[in-house]
Amino acid sequence: MGKKPKSSKGAQKAKDRKLDKSTLPPPPKALDDEVGSAKLLDEPSLPGSGYKALDREGYDDGGVADLTLVIDLEDSVLRRKRGENEYFTALKADLLPRVTKGPLAQMSRREQKIKLAKLLFSEEEHEEDKNPSEVWMDTVDGNEDAQTKKHRMERLSSARMALSLSSVLREPACASLSLSEISKRRLALYGKDGAIDALRCADKAIEIAGANFWDRDEIEVEAEDTPKIDPKHEKNATAPGLANEATLKLLPVRVSHLCLRSAYLHRGNALAALGREEEAKESYDQVFPMLNDEPRCGRLDWERSSLYINIGNTFSRKGDFGAAKKNYDIAEKLGRDHIKAEAGNRVDGMGMVIVAMRARAFALKKAGKEAEGKEVLRDVIKMQIELNAENEKKKAEEEAKAAEAAKNGAAGTQPVSVSS
């Protein structure tokens, strides 16, 4: 028997702390069942949002299940670690990690995780963010207009905010992805001048996602506007990586792979910006084994094609057009497979082909084959016009469906007259 409360107020507090187990959600899935977006859907989740895989039966979910794994909205890791009773008792008492000061303080832990997802993964209206390609090109020349600079700075600030929020919520997968995004957005804002900082962030993202231990203080400094790296800092690596043996008892290895895929790609881009071409290629190559078992769908083939184009560009910058062309050809074929397939994603396919052909055109010019390069660019422009028309058609179809849905919804809410 426990202690009896001394007052009615104490009795009420004890009652409030007690869990009603009938109201609790079901326990987390078994780790073997946590496969994310590797499991294809029998049907598209929404009209126009899911596409049939080219190499197997089923439809891609657009990465939704992978996002759920990474964000861990249901706190599956903490629930496995603490046990259901202790976890929900702590949640009810507001004892779990969350921001408790500032504008986010009024949000629950779950709401703060949703905010984190939006910071990392929300789609932007700006032209730069519409293309899923992760191909690095040095496009920063100091002549960018004020609007572009402002947009890039805001994007970098969002990634830093995501890292800060990830640290408070104790979500290492989100911290790793935030660092990869900081790396990417530093290059977009500063170009080669930001490459050293971008490489440092990508290396830290890999450290979190790996099998060893990492230092929280070393990670959290990257959330600052101007990170001050102390060369005399004594490393205190006590947090286990996402692929650490202890961590893998609580979450699937897929989470580590998702983070490593992003980190190695952006590490390669940072190395390429520094002119370390061989190291850049080695970093890109690290990603392919983690993609081998993934389905052939538009979203994942964008990732594959970006890697091949980046590798092609490393060869081009070293003066080896023959090796560069082989990689551009593979990247282009990935896109053309989607264009030709009956149930393929034509828009994504055309986008992949355009990026591959444009890279080939620049490589031809660099190799002294300017006439051939101009011919390829003419084909790029022609396909871009076709793609723009496809996008306008798709947009019109989506607007028509939305209008029809709104019309049907309004009709469903009309009052029904009952005749006597």
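The accessible surface of the chain comes to about 23700 Å², and carbon and sulfur atoms account for 52% of this area (Shrake-Rupley method, 1.4 Å probe; for residues, only the protein chains shown count as cover). The structure is a predicted model, in which local features need pLDDT of at least 70 and side-chain atom pairs count only at pLDDT 80 or more, while totals for chains, interfaces and linings use all residues. Residues are numbered from 1 along each chain as its sequence is written, and side-chain values use heavy atoms, with hydrogens and water left out.

Of the 420 residues of the chain, 42% count as buried (under 20% relative accessible area, with exposed meaning over 50% and partly exposed in between; 1.4 Å probe, protein chains only). The chain contains 16 helices and two strands (DSSP runs numbered from the N terminus: helices are H or I with at least four residues, strands E with at least two). Among contacts (heavy atoms within 4.5 Å) between residues at least 6 apart in sequence, 67% join residues at least 24 apart.

When residues up to four places away in sequence are not counted, Ile 208 touches Pro 172, Ala 175, Ser 176, Leu 179, Trp 214, Ile 219, Gly 241 and Leu 242.

Two polar side chains are also buried. Gln 112, in helix α5 (residues 109-121), has a relative accessible area of 0%. A polar atom of the Gln 112 side chain lies 2.8 Å from the backbone nitrogen of Val 99, a polar contact (a pair of N or O atoms within 3.5 Å; within protein, one must be able to donate a hydrogen and the other to accept it, and residues adjacent in sequence count only if both atoms are side-chain atoms). Beyond residues up to four places away in sequence, Gln 112 touches Arg 98, Val 99, Leu 104, Met 107, Leu 165 and Leu 169. Ser 178, in helix α7 (residues 172-190), is likewise buried at 0% relative accessible area. The Ser 178 side chain reaches the backbone oxygen of Cys 174 at 2.7 Å. Apart from neighbours within four places in sequence, Ser 178 is in contact with Leu 120, Ala 159, Ala 162, Leu 163 and Ser 166.

The count of salt bridges comes to 38 (a side-chain nitrogen of Lys or Arg within 4 Å of a carboxyl oxygen of Asp or Glu). In one of them, Lys 113 pairs with Glu 171, with the closest N and O atoms 2.9 Å apart. Lys 113 lies in helix α5 and Glu 171 in the loop between α6 and α7, so this pair ties together parts that are 58 residues apart in sequence. Both partners are buried, Lys 113 at 1% relative accessibility and Glu 171 at 9%.

Lys 204 forms a salt bridge with Glu 222 at 2.7 Å between the closest N and O atoms. This pair links distant parts of the chain, 18 residues apart: Lys 204 in helix α8 (residues 195-209) and Glu 222 in the loop between α9 (216-220) and β2 (239-240). Lys 204 is buried at 9% relative accessible area, as is Glu 222 at 1%. Both residues belong to a network of salt bridges that also links Arg 186, Asp 197 and Arg 200. A further salt bridge joins Lys 235 and Glu 218 (2.6 Å, N to O); here Lys 235 is partly exposed at 45%, whereas Glu 218 is buried at 18%.

Positive phi values occur in two non-glycine residues placed in loops. Asp 94 has phi near 55° and lies in the loop between α4 (84-92) and α5, where Asp 94 is partly exposed at 43% relative accessible area. Arg 170 has phi near 60°, lies in the loop between α6 (146-169) and α7, and is partly exposed at 42%.
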